[in-house]
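Good morning, everyone, and thank you for making the time.

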Amino acid sequence: MDPKIDFSVDKTKVAVGDIVEIKWKCYDDEGSTELTIDNGFRQLTESVGSFGCKRIRINRASARKVQITLGTVINGKKCSRSISVDVRNKRKSAAGVLPAENDIMELEYNEQGEAPWWRNVIFFVATLLITIPILPVIYKLIPNLNWNGWDRLLEFFLLLCAVGAVLSIRRWFDIVAFVLMLTILTMGTIKDNGYGFRQLAQDYGVFKYERKHNSKIKTKPIIIPKTKDNKYEAYNNKIRLAADYKNPVVRNFAVQQTTEEPFSTFGSQQYSDDLMNIVHAFAVFKAINSNWKYVHDPNGFEYNSKASETIQNRSNGKFTGDCDDHAILMAACVQAVGAKARIVLSSDHEICHAYPELYLGSYNNTITAFYFIEKLFPEYRGSQEFHYYKDDNGDYWLNLDYTEPYPGGRFLQDSIMSIIYL
């Protein structure tokens, strides 16, 4: 045994299909080191450096032996070290067929025992390209634990590890995944309704947003009557009829707002109908909220203006009316662009109030909606809280009242008397 050669394998007894790691280091060699692997069917010889590491997969072996030999020249003298690996328990592959007899699959490793830098880069990028689009799906399946964003960070890390583990099963998995995801994202970017690089960046931005601003995303406790009370039914029907979102006047006005920037461009970039509808609803909110002038009803009389009437009666671009007129107009215009809205009747002692809410649906849509608000409404300064309501079905509704110049402003009152669905 030559003391100037360190040569070892991590195991000398393996089963067919196992990976063996080989390590070596030669002292005072003359730069002509060769590594030879002989499985009895085929002999593979490769020039290597003075030190390094390689991993091979043992797929077949004659007489259940694989001979691994390291040869070099030290001080003009040929020196070599050999190690024999026992191969047992031949197994069939997943397809039910044994590998070819001369198949020794060598995994790419450089002479220092590390994967080439470009393989590391491809592996990391491929892992991210797969992980980030899956995150929204994971968010929908796993409930929010309210750990101030740490639960979502943990989910991201575990998913990243799981994807990385899958890609590391075979050396070519990461390259195939990288090329496949790159193709999908490129095609999605070319197509208007595909998932592309812009949507990938947005999903990542939403993830970062939730992690950073989780404390601002909260619901306010609302008291809901435990028993069904029909005393508001007649008034509810009157409000419901006033929200004439199918009227061409309402429809045309609402659609026109979606063509305004930045909502037009931002809405066209959404690959989901739900998210596009939310952006369009925000365009409607902007048009009405920034041009609303509060005017009381006639003394002693409750007047409910139809949405079409409020639009037709605007003067100098301004809408006029009280809280129920505002709620009717906002909810009707939101419905007119394909989103879903409702009107809530609330009370604070003897004072009654009506305000509109936008249907967001899932928690993931809610987080994305808040991310949109920060992008679309410069009036939002980043320090305020967003207010929403989560109903008994687990669906989220965003406050669209005129309390703030951006969607999700504070609730004016706590108690709910009735909810009017359009």
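Predicted model: local features only at pLDDT ≥ 70, side-chain atom pairs only at ≥ 80, totals over all residues.

How many aromatic pairs does the count come to? Residues are numbered from 1 along each chain as its sequence is written, and side-chain values use heavy atoms, with hydrogens and water left out.

The count comes to 17 aromatic pairs, where rings of Phe, Tyr and Trp (for Trp, its six-membered ring) pair if their centres lie within 6.5 Å, and where planes under 30 degrees apart count as stacked, over 60 as edge-to-face and the rest as tilted. One of these is the edge-to-face pair of Phe 266 and Phe 372, at 5.0 Å centre to centre and with 85 degrees between the planes. This pair links distant parts of the chain, since Phe 266 is in helix H7 (residues 263-268) and Phe 372 in helix H11 (residues 363-376), 106 residues apart; helices here are DSSP runs of H or I with at least four residues, strands are runs of E with at least two, and both are numbered from the N terminus. Both Phe 266 and Phe 372 are buried, a word I use for under 20% relative accessible area, with exposed meaning over 50% and partly exposed lying in between, for a 1.4 Å probe and protein chains only.

A second pair is that of Phe 285 and Phe 377, whose ring centres are 6.0 Å apart and whose planes are at 75 degrees, so this pair is edge-to-face. Here Phe 285 sits in helix H8 (residues 273-289) and Phe 377 in the loop between H11 and strand E15 (386-390), 92 residues apart, and both Phe 285 and Phe 377 are buried.

Let me turn to helix packing. Helix H6 (residues 248-257) and helix H10 (residues 323-336) pack at an angle of about 75 degrees, with their axes 8 Å apart, the axes being lines fitted to C-alpha atoms over the stretch in contact, and angles running from 0 to 180 degrees between N-to-C directions. The two helices, H6 and H10, are therefore roughly perpendicular, the class for 65 to 115 degrees, whereas under 35 counts as roughly parallel, over 145 as roughly antiparallel and the rest as oblique. On the H6 side, Val 250, Arg 251, Phe 253 and Ala 254 meet Ala 332, Cys 333 and Ala 336 of H10, contact meaning heavy atoms within 4.5 Å.

Ala 126, in helix H1 (residues 117-141), is buried, with a relative accessible area of 0%. Leaving out residues up to four places away in sequence, Ala 126 touches Leu 167, Asp 174, Ala 177 and Phe 178.

Finally, two backbone details. The peptide bond from Glu 261 to Pro 262 is cis, with omega near 5 degrees, and Pro 262 lies in the loop between H6 and H7. Asn 316, in the loop between helix H9 (307-312) and strand E12 (319-321), has a positive phi near 55 degrees and is exposed, with a relative accessible area of 78%.
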